[in-house]
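Please look over the sequence and the structure shown below. The paragraphs that follow go through the structure part by part.

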Amino acid sequence: SHVVHGLDFSGVIQIKEKGRKKPNIKFTNVVLQANKLEQKQIDKENFVFSASVGEQGKIKTKGTVHTAPFEVAAQLAFTSLTPEDVFQWFSKTPTLRDSKGVISAKGTFLYPQKEFQGQIESENIIIGNVKRPVLRAAKAKLNDFSWSHNGQKLAVKYILVDEPEFSWNRSGEKDNPIAPASVFLRHIFLPEPDSSSSDPDKSTAHFSLDLGRIDFTDGAVSYQDMRITPPLAIGITGINGSISKLQYPVAKEQSVIKMSGHIEGQPFTIEGEGKLMQDPPTAEFVFSSPSLPLALFSRQLKSRTGN
């Protein structure tokens with residue numbers, strides 16, 4: 001039998017799934033050093049790993065590693081990785097894996113638990129089709145982020161999204177006005193549901209989500225209402241606000257929604273509460289705008305009155 005006591009490696013590491021020609025990820029400029037691998041009890045750090053990913057990505061980690069059984073407890077930090085680089089290890093959700101942006105993070109990673117706790121930041125975010133994205137944002141910060149693959153749970157104490165841009169289209173007379181926001185939140189924060197089931201919660205009910213608060217600053221919404229003639233298109237800008245207490249599968253408390261901004265230059269406020277992560281979502285709002293001019297709706301009013 002052979003016993004590996006240590007490892008000292010530099011070079012290139014490629015990782016790819018079976019049957020796939022292109023690597024899932026390629027590490028260059030690799031430095032991997034580990035010692036005392038034969039010991040079952042390790043109290044001090046016994047490995048370091050650093051590498052480059054792509055053109056700008058960097059990853060560094062250090063901590064303890066055991067080989068029998070294989071266990072890792074490490075301080076992990078990376079910068080300038082793509083969503084595909086990051087999310088391919090944790091999620092099958094196309095919404096996340098196909099998005100664009102630059103991601104950095106710092107925290108603690110555990111294996112085989114597959115858990116990460118720490119802080120995550122992203123810049124130049126595009127979710128959805130690049131030409132017609134569901135969401136754009138300049139920056140996003142996730143503080144006190146806690147994720148467990150084996151435990152099937154995600155908790156984030158605080159999220160800040162800067163300059164989000166969102167499209168809101170209404171076409172059916174009976175469509176739920178908050179459904180687009182709910183669908184987006186579910187796609188981002190919940191596992192991908194089983195497409196073969198008519199119940200979107202059947203395959204995800206085992207997953208636990210707890211988001212403390214999401215703040216957004218200087219946001220914009222492109223609103224289109226196709227239910228009326230001619231269709232109404234309105235720009236909503238300067239949006240600042242928050243959504244708090246988002247929970248799944250059971251909402252122990254109502255989510256609280258507060259926001260303010262401008263509709264075609266005129267100020268407005270919205271306050272309300274509801275259950276945004278459940279299907280179907282429910283909410284009650286109070287909308288206030290002291291100076292919204294009827295001229296914004298002149299074409300639609302003319303088509304109804306004939307004048």
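Asn29 is found in strand S2, which covers residues 25-34. The phi angle of Asn29 is near 55 degrees, a positive value in a residue that is not glycine. Most residues other than glycine have a negative phi. With a relative accessibility of 57%, Asn29 is classed as exposed. The model that holds this residue is a predicted one.

How confident is the prediction for the protein? The average pLDDT is 89, and 96% of the residues score at least 70. Confidence is highest in strand S9 (residues 153-162), with a mean of 97, and lowest in helix H4 (residues 298-305), with a mean of 76.

The overall build comes next. The protein has 15 strands and 4 helices. Its C-alpha trace spans about 90 × 40 × 35 Å along the principal axes. Of the 307 residues, 35% are buried. The accessible surface comes to about 18600 Å², and carbon and sulfur atoms account for 54% of that surface. Among contacts with a separation of 6 or more, 47% are between residues 24 or more positions apart.

Strand S6 has paired neighbours in S5 and S7. Strand S5 (residues 70-81) and strand S6 (residues 100-111) run antiparallel and are joined by 8 bridges. In this pairing Ala73 stands opposite Leu110 of S6. S6 also pairs with strand S7 (residues 115-128), again in the antiparallel sense, over 10 bridges. On that side, Leu110 stands opposite Glu115 of S7. Lys114 is partly exposed, at 31% relative accessibility. The loop between S6 and S7 also holds Pro112. The peptide bond from Tyr111 to Pro112 is cis, with omega near 20 degrees. Most peptide bonds are trans.

A cis bond is also found from Asp279 to Pro280, where omega is near 0 degrees. Pro280 sits in the loop between strand S14 (266-275) and strand S15 (282-288).

The surface has a nonpolar patch formed by Ile15, Trp89 and Phe90, which together have about 260 Å² of accessible area. Trp89 belongs to the loop between helix H1 (83-87) and helix H2 (94-97). Its relative accessible area is 40%, so Trp89 is partly exposed.

Is Arg170, by contrast, buried or exposed? Arg170 is buried, with a relative accessible area of 12%. This arginine lies in strand S10 (residues 165-170). Apart from neighbours within four places in sequence, its contacts are Asp175, Pro177, Tyr223, Gln224, Asp225, Met226 and Arg227.

The last topic is charge pairing. Side chains of opposite charge can pair when their charged atoms come close. How many salt bridges does the structure hold? There are 4. One of them joins Asp201 to Arg186, with the closest N and O atoms 2.8 Å apart. Asp201 lies in the loop between helix H3 (179-189) and strand S11 (208-225), while Arg186 is in helix H3, so the pair ties together parts that are 15 residues apart in sequence. Both partners are buried: Asp201 has a relative accessible area of 18%, and Arg186 has one of 13%.

Another salt bridge is formed by Arg213 and Asp215, whose closest N and O atoms are 2.7 Å apart. Here Arg213 counts as partly exposed, at 38% relative accessibility, whereas Asp215 is buried, with a relative accessible area of 13%. Lys245 and Glu253 also meet through their side chains in a salt bridge, at 3.2 Å from N to O. Lys245 is partly exposed, with a relative accessible area of 33%, and Glu253 is partly exposed too, with 39%.

Definitions and conventions: Residues numbered from 1 in each chain as written. Predicted model: local features only at pLDDT ≥ 70, side-chain atom pairs only at ≥ 80, totals over all residues. Heavy atoms only, no water. pLDDT = per-residue confidence, 0-100. Helix = DSSP H or I, 4+ residues; strand = E, 2+ residues; numbered from the N terminus. Pairing = 2+ DSSP bridges. Patch = residues over 30% accessible without salt bridge, like charges linked within 9 Å, V, L, I, M, F, W, Y side chains within 5 Å. Areas by Shrake-Rupley, 256 points an atom, 1.4 Å probe, with all protein chains shown as cover. Buried < 20%, exposed > 50% of the residue type's maximum accessible area, 1.4 Å probe, protein only. Contact = heavy atoms within 4.5 Å.
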